[in-house]
Amino acid sequence: MANAFFANWRQNIIYIGFVVIFIVFAMTLADKGFLNPNNLLNIVRQTAMIAVMAIAMTFVLSAGEIDLSVGAVAGLSTVTVAMAIAVGGPIAGVGAGIATGLAVGMFNGWLTTRVGIPSFLTTLAMMGIAKGVAMWISATAAVPILSPGYSWLFGGGNLGPVPVLLLWMAVLGGIGHIVLRRSGFGRRVLATGGGETAARYSGIDTKSVKFKVLVLSSLAAALAGMLYAGRLQSGRFQLGEGDELSVIAAAVLGGTSLFGGKGTVIGTIVGALMIGLINNGLILMGLEFSQQLIARGGIIILAVALSQKRS
Amino acid sequence: MSVSAAAVRMTGISKTFGGVHALDDVSFEVMPGEVHALLGGNGAGKSTILKVLNGVHRPDKGTIEVGGVPLTTHTPEASRAAGIAMNYQEMSLVPTLTVAQNIFLTREYRVGTGLIDDREAERRAADLFALLDVFVDPKALVGDLGAGQKQLTEIAKAISQDAKVLVLDEPSTALAVSDVERLFVFLHKLKAKGVAIIYVSHRMDEIARIADRATILRDGRHVITAPLSELPIDTMIEHIVGRRSKGLSDIERSAAVRGDVLLELKNVSGRHKPENISLTLHRGEVLGLAGLLGSGRSSLARVIAGIDPVLKGEIRIKGRAVVIRKPGDAIAAGVALVPEARATQGIIPAHSVASNMILAVIDRLSAAGLVDTKAANDLTDAQIERLRVKTASRDHAVSTLSGGNQQKVVIGKWLATNPDILILDEPTAGIDIGSKSEIIRLVRELAAAGKGIIMISSELSELLTACDRILVMTEGRVHQDLPREALEDPSVPADDLAHRLQAAEQRLQIEIQKALALQEVSHG
């Protein structure tokens with residue numbers, strides 16, 4: 001077992017890299033509180049939303065598509081949720097979040113599979129539309145959320161010592177992993193991205209598969225928005241801005257192929273945690289924001305380069 | 001359902017693609033427990049009728065019955081539900097999934113909770129390969145497999161469906177001889193169980209051994225259906241070839257003026273193929289490469305053109321040894337390749353005729369990094385006129401042209417580099433008969449103008465019309481080097497051109513089949 005793990009070290013570089021970076025930070029940043037449980041839990045809290053979106057992104061990439069709108073949809077969802085809570089309470093808020101995700105996802109899916117616009121363009125356009133709608137309906141102002149119950153469940157709460165956000169990430173990660181690895185849907189997703197013609201000849205409705213992964217991705221983005229809103233007790237259009245890049249980076253770092261057919265949810269979650277870990281460590285090191293950006297970019301390039309198979 | 005119901009009965013099937021009759025009122029019947037060979041040359045309609053049968057294409061006219069039950073919807077799922085299984089020549093395998101996952105794709109084994117049970121799939125896959133008496137690792141990724149193992153996986157996928165009708169399209173092309181033997185043993189078992197097997201192959205020796213009856217198609221029409229006992233190989237070839245060579249036979253073949261040696265290969269080997277090839281090509285000569293798919297013809301072309309590496313041996317051009325490491329080296333040495341896959345390797349479909357035409361000579365037409373538009377347009381117009389390209393203008397996208405005119409653009413692009421050696425890989429594939437003879441005339445003209453030409457074609461009548469000499473290849477090696485005259489049948493009157501060409505085609509076909517048979521002996 002161990003031998004196989006190291007023989008395929010390129011495939012498993014994310015796990016090795018995660019451990020190596022963790023050890024390096026633990027040794028060099030021990031005096032700055034890196035290993036303090038609170039700091040470690042904070043990494044999880046900051047990573048959870050990225051991880052939730054990245055789980056769904058793993059399905060999208062595995063099916064050979066991409067979704068650039070997730071960050072903006074998360075932002076839009078914080079606004080619709082906050083506004084609905086103000087009017088109708090937490091349950092209305094949750095309903096508004098799910099409705100936002102469904103509406104955007106079905107629109108993305110319809111444009112991509114029926115109208116035939118590549119998902120790169122569909123979701124690029126949707127990125128602007130979602131942000132515009134969020135700015136418009138909120139008049140660019142923050143919308144406060146005054147529901148402690150909502151805030152506890154979606155982001156702010158702790159169950160004993162465990163942040164609720166960690167539970168969201170773990171539960172969704174577990175479900176995502178099993179669905180991708182062991183369900184008929186997951187297998188169809190991997191087949192569609194791995195060889196669309198072959199999948200179609202084998203009787204798979206590849207358009208339906210692509211439609212579903214895009215809906216799934218928007219739903220996950222809407223949920224991430226609900227978590228942002230709960231954690232910060234407000235909805236504002238800027239939340240989630242730029243997250244799409246971290247989300248895609250997390251999935252790719254974890255071993256999911258940008259070209260489809262290959263994906264792992266566990267790898268994606270570790271990828272998301274690794275990005276959070278690096279951000280945290282670089283801040284503790286006292287690097288300026290500009291230096292953090294450069295260092296983070298360098299580490300990501302290194303990890304992805306090491307994971308490439310040589311031909 | 002009556003006992004005598006045919007396993008498959010296709011009646012009066014017609015199918016046109018963009019005005020071309022791929023199938024014209026074809027009827028085809030296969031009985032349970034029968035191995036039925038489907039034969040025909042390229043473009044005869046074999047693949048089309050199979051794709052109609054398995055639901056990829058919808059027939060324009062005609063009916064299909066499977067086991068006496070009419071097939072009303074035409075989708076891959078409906079055909080499979082009716083009991084038809086087919087191997088798709090690697091088309092139905094997902095490279096990123098394992099062998100077992102591919103075999104049971106959409107029919108996965110489940111554990112009690114509804115989750116996929118890959119272990120069970122791996123066990124069942126291993127059982128299937130055991131039935132076939134071959135070994136393929138069920139856990140291997142299909143993308144990592146060689147061609148033979150992929151083919152076995154395709155076959156296993158087809159037979160795993162417990163079908164009433166099993167369609168095998170060229171199942172043996174990538175298989176080792178011993179694996180073909182095992183496949184035949186297995187097919188005999190299936191036959192005994194009453195499964196109807198449709199077997200497509202270009203290898204007459206195989207057909208003669210395995211098939212009970214054969215149906216021969218030509219130019220989208222049904223020619224004959226008969227028991228194999230009434231179809232010796234010569235007769236089969238005669239029916240496949242037919243008298244269809246009109247339009248080619250009247251192309252003038254003036255005796256070639258052989259010039260100096262242009263290209264010389266000495267014991268050249270590539271990565272898999274070709275193997276130890278030696279050949280010479282003279283100025284003014286058209287050299288044909290004949291052989292089946294996978295015989296190494298295209299690999300040889302790619303090696304000379306610098307696309308695949310030369311591992312061993314020496315290439316000499318105009319008497320000097322040259323090192324060809326990349327396509328640029330070959331182009332600089334005066335070699336041009338009109339590649340096999342026109343749409344992906346030959347043209348940039350969305351670009352204009354002009355920008356395709358100048359692609360290989362952009363540097364020559366540029367000054368200070370800018371393309372000289374006038375020079376580019378002049379060059380394009382000259383090529384359009386010389387090759388008689390039918391296009392609305394030089395600025396129209398190449399994708400708006402017919403296949404034949406697209407191919408002329410590719411040829412024009414390479415002629416612009418003024419090559420000494422022109423290699424044409426299946427230059428007439430998917431092209432109407434009018435453009436075909438135009439392209440072959442052009443090949444003769446270019447040779448007469450002093451170029452050396454290597455032409456690959458699966459249509460033997462074309463090779464015979466275009467070439468001065470023909471190499472028969474199998475398994476990456478040259479098996480025979482035949483001057484064109486050696487294929488003439490002296491008993492046919494010299495003025496009956498169509499008949500002469502037909503006779504020569506039969507002789508060449510026989511040479512190819514002989515080469516295959518010899519190859520089997522050397523393996524056995």
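In the predicted model, B:L482 is partly exposed, because 18 other C-beta atoms lie within 10 Å; a residue is termed buried if 20 or more other C-beta atoms lie within 10 Å of its own, exposed if 12 or fewer, and partly exposed in between, with C-beta atoms placed from the backbone. This is a predicted model in which local features need pLDDT of at least 70 and side-chain atom pairs count only at pLDDT 80 or more, while totals for chains, interfaces and linings use all residues. Residues are numbered from 1 along each chain as its sequence is written, and chains are lettered from A and ligands numbered from 1 in the order in which they are written.

B:L482 is found in strand β22 of chain B; helices (H or I, at least four residues) and strands (E, at least two) are DSSP runs, numbered from the N terminus. Leaving aside residues up to four places away in sequence, B:L482 touches B:R469, B:I470, B:V472, B:L487 and B:E511, where contact requires the C-beta atoms of two residues, placed from the backbone, to lie within 7 Å. By contrast, the C-alpha atoms of B:L482 and B:L115, which are 367 residues apart along the chain, are separated by 61 Å.

Strand β22 belongs to an open sheet of 6 strands in chain B, in the order β16-β19-β20-β13-β21-β22 and with mixed pairing. Two strands are taken to pair if DSSP finds at least two bridges between them. β16 (335-338) and β22 (477-483) of chain B stand at the edges with a single partner strand each, so one side of each is left without a neighbour in the sheet. From one strand to the next, the twist averages 20°. Within this sheet, strand β13 (residues 286-290) of chain B and strand β21 (residues 469-474) of chain B pair in the parallel sense over 4 bridges. B:G288 stands opposite B:I470 in β21(B), and B:I470 is also one of the residues touched by B:L482. In general, the strands of a sheet pair through backbone hydrogen bonds, either parallel or antiparallel.

Antiparallel pairing occurs elsewhere in chain B. Strand β11 (residues 261-269) of chain B is joined to strand β14 (residues 312-317) of chain B by 5 bridges, and the two run antiparallel. In this pair, B:L265 stands opposite B:I315 in β14(B). β14(B) is also joined by 3 bridges to strand β15 (residues 320-322) of chain B, again running antiparallel, and the bridge partner of B:I315 in β15(B) is B:V322. β14(B) and β15(B) form a hairpin with 2 residues between them, and B:K318 in the turn has a positive phi of about 50°.

Chain B as a whole contains 17 helices and 22 strands. The radius of gyration of chain B, taken over C-alpha atoms, is 25 Å, close to the 24 Å that the globule rule (2.2 Å times the number of residues to the power 0.38) gives for 524 residues, so chain B is as compact as a globular protein of that length. The C-alpha trace of chain B spans about 70 × 60 × 50 Å along its principal axes, and 46% of the 524 residues count as buried. The domain assignment, whose bounds come from an automatic or database source, gives domain 1 (8-241), domain 2 (261-334 + 420-523) and domain 3 (347-418). The C-alpha centres of domain 1 and domain 3 of chain B lie 42 Å apart.

Chain A comprises 13 helices and 4 strands. Its radius of gyration is 19 Å, close to the 19 Å that the globule rule gives for 311 residues, so chain A is as compact as a globular protein of that length. Buried residues make up 50% of the 311 residues in chain A. The axes of helix α7 (residues 164-182) and helix α12 (residues 265-284) of chain A come within 8 Å and cross at roughly 145°; axes are lines fitted to C-alpha atoms, for helices over the stretch in contact, and angles run from 0 to 180 degrees between N-to-C directions. The contact is made by A:M169, A:G173, A:G176, A:H177 and A:L180 of α7(A) and by A:V265, A:I266 and A:I269 of α12(A).

Between the chains, 17 residues of chain B are in contact with 18 residues of chain A. Helix α2 (residues 76-81) of chain B gives the most to the side of chain B that touches chain A, with 3 residues.
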